[in-house]
Amino acid sequence: MGLYGVKAVFFDLDNTLIDTAAAGRRAIEEVVPFALTRAPGPLQVISALQSKHHYGEEEARSICDKVQAKLLKECHDPAKMCITDLRISHWEEAIQETIGGEANRDLAAECYYLWKTTRLQHLTLAEDTRAMLTELRKGLRLLLLTNGDRQTQREKIEACACQPYFDAIVVGGEQKEEKPAPSIFHYCCDLLGVQPAECVMVGDSLDTDIQGGLNAGLKATVWLNKAMTTPVDTSPVPHYIISSVLDLPAVLQKMEHNINAKLGTDHMASSNE
């Protein structure tokens with residue numbers, strides 16, 4: 001049996017190990033003040049919208065706000081459209097909704113690539129998270145399990161340089177099914193040579209990470225709920241809830257204590273028979 005009574009831990013990537021939402025917001029926000037501050041650095045979206053395309057500051061801000069809203073509501077079906085085309089369309093629609101007139105695909109593409117570059121620059125694996133993963137890996141096998149488009153997720157993984165901390169990395173967009181399908185979890189188990197009942201899933205999504213772990217019969221699911229405001233009817237129900245991924249070692253220690261306590265109770269029961 002591995003450390004803490006389990007053999008492997010599966011980690012989600014976005015908004016679990018790295019703050020993808022914050023990086024996306026920062027990328028949107030940073031394109032706005034560039035034209036005002038004239039800070040050194042690569043060309044930003046707002047600069048292109050204002051100086052190159054003669055849009056006012058208010059119009060440029062509106063475009064960025066609309067794009068942010070579209071990203072939050074995004075539903076991507078790779079069978080119908082690649083992620084790049086979808087996100088260029090977000091910019092194209094936002095520009096047309098704000099400015100009117102004919103669609104400008106070239107400008108939309110320019111804006112998208114500038115935003116994407118900026119977001120990747122802000123995707124980092126925090127030092128304390130790196131230290132935690134390094135320590136956990138001394139006694140456990142670690143696997144990164146992320147849903148999403150292959151190219152987009154691989155770019156994020158490369159940007160935050162998290163590869164050295166994992167025994168395996170699985171991207172949903174490269175598999176037949178993504179989380180919460182049991183098949184992708186069982187594929188991960190096969191990669192590591194472990195059984196589902198020996199694994200723990202850690203992630204921020206109840207619908208994909210927690211439901212998926214339950215569907216696959218994993219030993220435990222750990223929900224990362226940064227706000228710690230649990231809905232009245234939380235469904236599915238995770239085994240554990242943490243407010244920071246750094247709280248995971250304490251949860252694993254608790255699991256080990258519970259296992260040892262149960263073994264002790266079982267031993268006493270058998271001795272009394």
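A residue counts as buried when its relative accessible area is under 20%, as exposed when that area is over 50%, and as partly exposed in between, with a 1.4 Å probe and protein chains only. By this criterion, 46% of the 273 residues of the protein chain are buried. The model is predicted, so local features need pLDDT of at least 70 and side-chain atom pairs count only at pLDDT 80 or more, while totals for chains, interfaces and linings use all residues. Residues are numbered from 1 along each chain as its sequence is written, and side-chain values use heavy atoms, with hydrogens and water left out.

The protein chain contains 11 helices and six strands. These elements are DSSP runs numbered from the N terminus: helices are H or I with at least four residues, strands are E with at least two. Contact means heavy atoms within 4.5 Å. Among contacts between residues at least 6 apart in sequence, 62% join residues at least 24 apart.

Strand β1 covers residues 8-11. From β1, A8 and F10 point one way and V9 and F11 the other way, and all are buried. Two strands pair if DSSP finds at least two bridges between them. Strand β2 (residues 141-146) pairs with β1 in the parallel sense over four bridges, and A8 stands opposite R141 in β2. Strand β4 (residues 199-203) also pairs with β1 in the parallel sense, over four bridges; here F11 has V202 as its bridge partner.

T20 is placed in helix α1. With a relative accessible area of 7%, T20 is buried. Apart from neighbours within four places in sequence, T20 is in contact with D14, N15, R119, L123 and K156.

The empty space comes next. Rolling a probe the size of a water molecule over the atoms shows where empty space is left. On a 1 Å grid over the protein atoms alone, a cavity is a set of points where a 1.4 Å probe fits but cannot get out; a pocket is an open set with protein on both sides within 12 Å along at least five of seven lines; and lining residues have an atom within 4 Å of a point. Grid points are joined across faces, edges and corners, and a volume is the space filled by probe spheres set on the points.

The largest pocket holds about 1000 Å³ of space. It is lined by 35 residues, of which D14, L71, E74, R87 and K156 are the closest to its centre. Elements giving two or more residues to this lining include α1 (20-31), α5 (83-99) and α8 (150-160). The lining of the largest pocket has seven nonpolar, 14 polar and 14 charged residues, where Ala, Val, Leu, Ile, Met, Phe, Trp, Tyr, Cys and Pro count as nonpolar, Asp, Glu, Lys and Arg as charged, and the others, Gly among them, as polar. Because domain 1 (8-18 + 124-270) and domain 2 (20-122) both give residues to the lining, the largest pocket lies between them; the domain bounds come from an automatic or database domain assignment.

About 170 Å³ of space lies in the second largest pocket. Of its 15 lining residues, T16, L17, A126, T129 and V245 are the closest to its centre.

One cavity of 30 Å³ or more is found in the whole structure, and the largest cavity holds about 40 Å³ of space. Its lining consists of R87, Y112, W115, K116, R119, L120, T152 and E155. Helix α6 gives the most to this lining, with five residues.
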